[in-house]
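Hi,

Here is the structure I said I would pass on.

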Amino acid sequence: MKSFAPVFALALACGGKSSPPAVDAPAALIDSGLPNEESGVVLDQNNLGVGGAMVCVLHHPEIPCATTSSTGGYNIGLPDLAGDQIAIEFTAANFLGEVLLEQEPATGMTWPTEVPLTMTVDAMVRLGTEAGFAFPGSGGFMELRIAGSAPTPLVGATASIAPAAGSAVYAGSDGTPMPALTATTESGDVLFGDLPAGVYEVAASAGSGSCTVSPDGALLVGDWPPGAAGATATVEVASGAITTNVNVICD
């Protein structure tokens, strides 16, 4: 199955679409006095390190961005992030950027240690030629996967975003975007494209089943575990990057 990320993926393009809803950015993170340092590596599709890539935590200018070495490795200094919801953006010249949404557990961080980026020329095939989005462009994309409670990809499910912007493209069983489809296949993947950068409310439907999101539905939280209350999630889309690990579970 084609994919831009270790979990699920998205990124950019737009023009003349309605603006996303006004949502306040998260409050500045409070440093507990216990500095943390996380490390990782940014890779290309051949598993080679990408030098000069930028790693930034969105909405938090108090956290300096990190730059990868010639082998793709980096270290980034962080305050105590336990319990916070964050979006981490990875960008590099000649690559499609990526945004990972993370809801941090109360006990600490689960930092994405290996992040593969896709070259712009390859992204043009999937997002432009196959999905039919305007790529490259100035907006963003979102990709989510809808699964059953097993969890296995759920066939026949649909997804929507608010405010309505761009268009949804469902992927075939091999992960290839197919604009003619109107619901999920065995891959469970959905792409939204041509989106102005910002925050969107995401909802899913699976016939008689119910789709759920974490109880707080907090900004930047992209994981929808089973058995929780609520049916929407707020997900950030950044210009020049593909938003990932937006995972929906339907009973």
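Below is what turned up, starting with the cysteines and ending with the cores.

Keep in mind that this is a predicted model.

Searching the whole structure turns up 1 disulfide. It links C56 to C65, with the sulfurs 2.0 Å apart. The torsion about that S-S bond is about 120°, so the disulfide is right-handed. C65, at 40%, counts as partly exposed.

Next, have a look at D194, which lies in strand 12 (residues 189-195). Is D194 buried or exposed? With 12% relative accessibility, D194 counts as buried. And what does its side chain reach? The answer is the backbone nitrogen of A134, at 2.9 Å. D194 and L127 are 67 residues apart along the chain, yet 9.9 Å separates their C-alpha atoms.

In soluble globular proteins, nonpolar side chains tend to be buried together. Here the largest core has 28 residues, and M142, L144, I146, F192 and L195 have the most contacts inside it. Several strands give two or more residues to this core, including strand 6 (95-103), strand 9 (140-148) and strand 12. Strand 16 gives the most, with 4 residues. There is also a second, separate core of 19 residues, and V57, A66, Y74 and L117 are among them.

Cheers

Key. Residues are numbered from 1 along each chain as its sequence is written. This is a predicted model: local features need pLDDT of at least 70, side-chain atom pairs count only at pLDDT 80 or more; totals for chains, interfaces and linings use all residues. Side-chain values use heavy atoms; hydrogens and water are left out. A disulfide is a pair of cysteine sulfur atoms within 2.5 Å. Buried means under 20% relative accessible area, exposed over 50%, partly exposed in between (1.4 Å probe, protein chains only). A polar contact is a pair of N or O atoms within 3.5 Å; within protein, one must be able to donate a hydrogen and the other to accept it, and residues adjacent in sequence count only if both atoms are side-chain atoms. A nonpolar core is a set of buried Ala, Val, Leu, Ile, Met, Phe, Trp, Tyr and Cys residues joined through side-chain atoms within 4.5 Å.
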